[in-house]
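Here are a few friendly notes to read with the model open beside you.

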Amino acid sequence: GPICSVCKEGYNKNAVEVCKPCSSAGVSIGFYALLTVLALTTLYFVLRKIFGKEKLTIANVSNEIQKATADDKHWSQRLKTKGKILTSFYQIISKLPSTLAVDYPDFYRGFTTAVNSVFNFNAIGLVSVGCFLPHHIYSFYGSFLVTTVTPIVLSLLLLIATLFQRRKLVDPHAANKLTASRFSLFYGFTYLIFASTTTMSFTAFLCNTYGDDPTEYLVADRSIDCNSPLHLKFKILSGFMILVYPVGITTLYTVQLVKHRHAIQKADNRDENNTIKHIVFLWRDYRPEFWWFEIYECLRRLSFTGMLVFFDPGSPPQLCLSMILALVSLLMYANNQPFEKPEENTLAQISSISIFLTLLAGILITLKESLSEEFSAQLGALLVIINTLVFAMVGAGILYKPIFRIITKCNEKHIHDADLKSMTEDVAYSVDKFIEYFKRLAESDANEAGWTPLDVKDWSGKKKKVKEWLEETGVKAEWRCANGDGPFDQARIKFVVDVDLETMMTSLSGIKNDHSMTVGTFMYVLDKGEDWRQVYRAIRMPWPFRQ
């Protein structure tokens, strides 16, 4: 190429854009990250098959996706907002070195290449495709077609699958629920591919000349003449893709949010409003008065990933504009606090600060003619630490509460002097003695076994809903330390139901509990007369309370 930017046959670019022999090019870190995600996803459904009652079928996988997209109580909803902030942040960060043409340290460029492979779904960048595919396939044109056409094909497949499933549903409510779930899935998909498709669509117009050669070469692939007949056709296709992705997705979000803005702003019942459940992905993360914030997010991401490519790479106007965008983003998050949860507002602000510091480092690198090898390595490591801080915050936020709860409960002592303590060794290894012990423990009271009531604060989940459930069902919950001096390690709940014994036994036997699956359960019926009976079922406590 004009500036030695095209690898010869038998060579492929590594993470820092240096041509290396195919034998040493290897694969991207993102490849292993993608394999890890796929492996964990597969493991999740396999474990559900092994430990759950559901079979691993396409229908059950579809139902799980429906719960994840439509059910606000699903575990994935706790991670969705943080996931959106992370995705947006890393999509922007991964594009800065190439968009700004800043010679960031090699270590940091390798990091952004791996991030780009994962968060921008750069499938071609995951492996050294130049070693086993012809150049015309893995060139800019091949990447362009994969990046822009694949989402359209997948969206059509989702539409066909949804229509096919709706035809099989008789209940209108179930059909509407399915449709809302699929719309949420579609909006989530458009959010994920917005940055990569936008950048790819605009990149086709970014050309430059080098030295005395008047030929304009494509910056993204300097083997391509921008004035060639083939590239002119791709420019027309790129214009169409701009209408489909940056313009089309932003317009779609805007129309839907403006149309339903009044319903979204009703904080008391918007979660139950069926007319806006199909666009729940666009508004649930934000406070009611910020119903429009997803539109701003589109424009912000469009500015970082699309608009900057129209400036000369590395020029003062481009660097200044990028700094202004980062500051505006930080001020928007800091002044408005648009997210429902305070920790998510903090996460968004930290991500904006990280972008600003990364841009500041880029300006310093541009102003300094050369960096010493030692300083370059230190700066690269510092930038990686700054950029991974956001991810570390998410991990810490997820693990903080359960770890804190476990530590608190482990340190909380329960002391009592009741007669009935924990099992002795001879009881544990004798079936008859164990049954006798269990019956006595199940029927014991506070005086005999030291049971103490479980307060609402001791339950997991939302305290308000726990309180309502306790009052509605009349459940009596108690726990204790079995040996009379230590952390709580045994718990029980009692409740009365008006059903026949066979139904109760079937219901209790069918209760899904991950801990009971490995150690078994114990259940017996105590005859209290013709009108009512007591049924007991025991399961082993989870670690670290297991005894």
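This is a predicted model: local features need pLDDT of at least 70, side-chain atom pairs count only at pLDDT 80 or more; totals for chains, interfaces and linings use all residues.

1. Residues are numbered from 1 along each chain as its sequence is written, and side-chain values use heavy atoms, with hydrogens and water left out.

2. Searching the whole structure gives three cavities of 30 Å³ or more (a cavity is a set of points on a 1 Å grid over the protein atoms alone where a 1.4 Å probe fits but cannot get out). The largest cavity holds about 80 Å³, volume being the space filled by probe spheres set on the points. It is lined by 13 residues (an atom within 4 Å of a point), and Lys84, Ile85, Ser88, Glu297 and Tyr333 are the closest to its centre.

3. Which helix gives the largest share of that lining? It is α4, with four residues; α4 (77–100), α13 (293–305) and α15 (342–367) each supply at least two (helices are DSSP runs of H or I, at least four residues, numbered from the N terminus).

4. Now to α7 (residues 140–168) and α9 (residues 229–244): their axes, lines fitted to C-alpha atoms over the stretch in contact, come within 12 Å and cross at roughly 30°. That angle makes α7 roughly parallel to α9 (under 35 degrees).

Methods. On a 1 Å grid over the protein atoms alone, a cavity is a set of points where a 1.4 Å probe fits but cannot get out, and a pocket is an open set with protein on both sides within 12 Å along at least five of seven lines; lining residues have an atom within 4 Å of a point. Axes are lines fitted to C-alpha atoms, for helices over the stretch in contact, and angles run from 0 to 180 degrees between N-to-C directions. Angles under 35 degrees count as roughly parallel, over 145 as roughly antiparallel, 65 to 115 as roughly perpendicular and the rest as oblique.
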